[in-house]
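Walk through this structure one chain at a time, then look at where the chains meet. The coordinates come next.

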Amino acid sequence: MSDSEYSVVLFYSTSGAIRAEKLSKEAGLRVKLIPVPRHLSSDCGVCLRCESADIDKVRSILDAARVEFEQISAL
Amino acid sequence: MTKLVDCRGLACPQPVIQTKKAMAEGETVTTIVDNDTAKMNVSRMAGKEGYAVEVEEKDDGIYLHLTKAGALPEQTTAPAPPTEGRVGPTVVLIPSEGMGRGDDELGGILIRSFLHTLNEVEPLPDTIVFVNAGVKLTVEDSLVLEDLQFLEQRGVEILACGTCLGHFGLKAKMAIGEISNMYTIAETLLGAGKVVAL
C-alpha cells in the first residue's frame, strides 16, 4: 500500500457502501462516503473513504459482517 | 511585518486554511504556492476577506502578496456584476435534505457526494443558499458539516433560511454559515450570474 493518508473501499452496490459506513462508524472509525474518484472508475458510484492506518480494521469489520467489496485503493 | 506562508507541496484546501490563519495574525501575508488551483483559491479567499492580491511568478513558486485593503470588497464588487453583462456570482440553491426525489436514502448519499465534490472541482460557487429542509444540512451532527466548513474556509458564503430553521426548531443548533432572511435570499438569487438549483 502507498503512504497516502486516505484509502477507499469500492463496493459492488450502493447498499454495500451504506452498510460498510454504518458498521465502521459504529466501530468508531473516521470514515466518509464519497464519490468514487475519477481515476478509479468512470461509473457513478460511492465508496467508503477511511484513514489508511485503519484499513485492516475496516477489512476485518467487513469480513465479519460479510459485506463484499470490490477493491481497496490508496487515494 | 509580512507573514510568510510556504504552501508548496500542500494539497487543497491547506493553502487556503494556512493563509487564513496567517491573516488572523497580521495585515500583510505572502503565501507561496506551486500550482494554479491553489493560486486561484487563495486569491479568491483573500479578495473576499478584503485583501489586495499581487501575484509574482518566480522560478521556485508563485508568490501571492496579500495586503489588507481599507474597505471590504462587498460594497465595491457587489454592484459591479450587472455592468459586466452575464458575469456574476454563482449561487447554489439547496431546497431539500437530499438530492433529487424518489428515494430519501439515495438522495442523502447524493447530496453528501455533491457537497464533497464541490471542494474538488472548479469553479467554486460564491454562495450556497439552504432553504426548507435543506437547512438541516447546516446544523450540528450534519453529515456534510466538514465539507461545508472547508467550503466556507475557501471563501464560499453559506446562507441558511432563518424561517426554515425556526420552522424545524433548529435555530439553536445551527453550526455553519449565516442565518438569512428572504430579502437577502431573494437578492442573492436575483443578483447571481448563475443559479444552480438542486
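Two strands count as paired if DSSP finds at least two bridges between them. In this predicted model, strand β1 (residues 6–11) of chain A meets that criterion with strand β3 (residues 46–51) of chain A: four bridges join the two, in the antiparallel sense. Within this pair, A:V9 faces A:L48 of β3(A).

Now widen the view to the rest of chain A. The chain has two helices and four strands. Along the sequence they come in the pattern β-α-β-β-α-β.

Two totals describe chain A as a whole. Of its 75 residues, 29% count as buried. Take the contacts in chain A between residues at least 6 apart in sequence: 71% of them join residues at least 24 apart.

Strand β4 (residues 61–68) of chain B pairs with strand β2 (residues 28–33) of chain B. This pairing is antiparallel and runs over six bridges. Here B:T30 has B:H65 of β4(B) as its bridge partner. β4(B) also pairs with strand β3 (residues 51–58) of chain B, again antiparallel, through eight bridges. In that pairing B:V53 stands opposite B:L66 of β4(B). How many residues does the hairpin from β3(B) to β4(B) pass through? The hairpin joins them through two residues.

Next come two helices of chain B. Two packed helices are described by the angle between their axes and the distance between the axes. For helix α1 (residues 14–25) and helix α2 (residues 36–48) of chain B, the angle is about 35 degrees and the axes are 9 Å apart. The crossing of α1(B) and α2(B) is right-handed. From α1(B), the contact involves B:P15, B:V16, B:T19 and B:K20. From α2(B), B:A38, B:N41, B:V42 and B:M45 meet them. The residues of this contact divide into five nonpolar, two polar and one charged.

Where do the chains meet? Five residues from chain A and five residues from chain B make up the contact between the chains. On the chain A side, β2(A) gives the most, with three residues. That side of chain A consists of four nonpolar residues, one polar and no charged.

Finally, consider confidence. The model scores ipTM 0.74 and pTM 0.65. Chain B averages a pLDDT of 88, and 91% of its residues score at least 70. Confidence in chain B is highest in strand β6 (residues 127–130), at 98. Confidence is lowest in helix α3 (residues 73–77) of chain B, at a mean of 46. Over residues 73–84 of chain B, pLDDT stays under 50. For that stretch the model has nine contacts beyond four places in sequence. Where pLDDT is low, the predicted coordinates should not be read in detail.

Note on methods: Residues are numbered from 1 along each chain as its sequence is written. Chains are lettered from A and ligands numbered from 1 in the order in which they are written. This is a predicted model: local features need pLDDT of at least 70, side-chain atom pairs count only at pLDDT 80 or more; totals for chains, interfaces and linings use all residues. Two residues are in contact if their C-beta atoms, placed from the backbone, lie within 7 Å. Ala, Val, Leu, Ile, Met, Phe, Trp, Tyr, Cys and Pro count as nonpolar, Asp, Glu, Lys and Arg as charged, and the others, Gly among them, as polar. Axes are lines fitted to C-alpha atoms, for helices over the stretch in contact, and angles run from 0 to 180 degrees between N-to-C directions. A crossing is left-handed if the near helix is turned anticlockwise from the far one by less than a right angle, and right-handed if clockwise. A residue is buried if 20 or more other C-beta atoms lie within 10 Å of its own, exposed if 12 or fewer, and partly exposed in between; C-beta atoms are placed from the backbone. pLDDT is the predictor's confidence in each residue, from 0 to 100.
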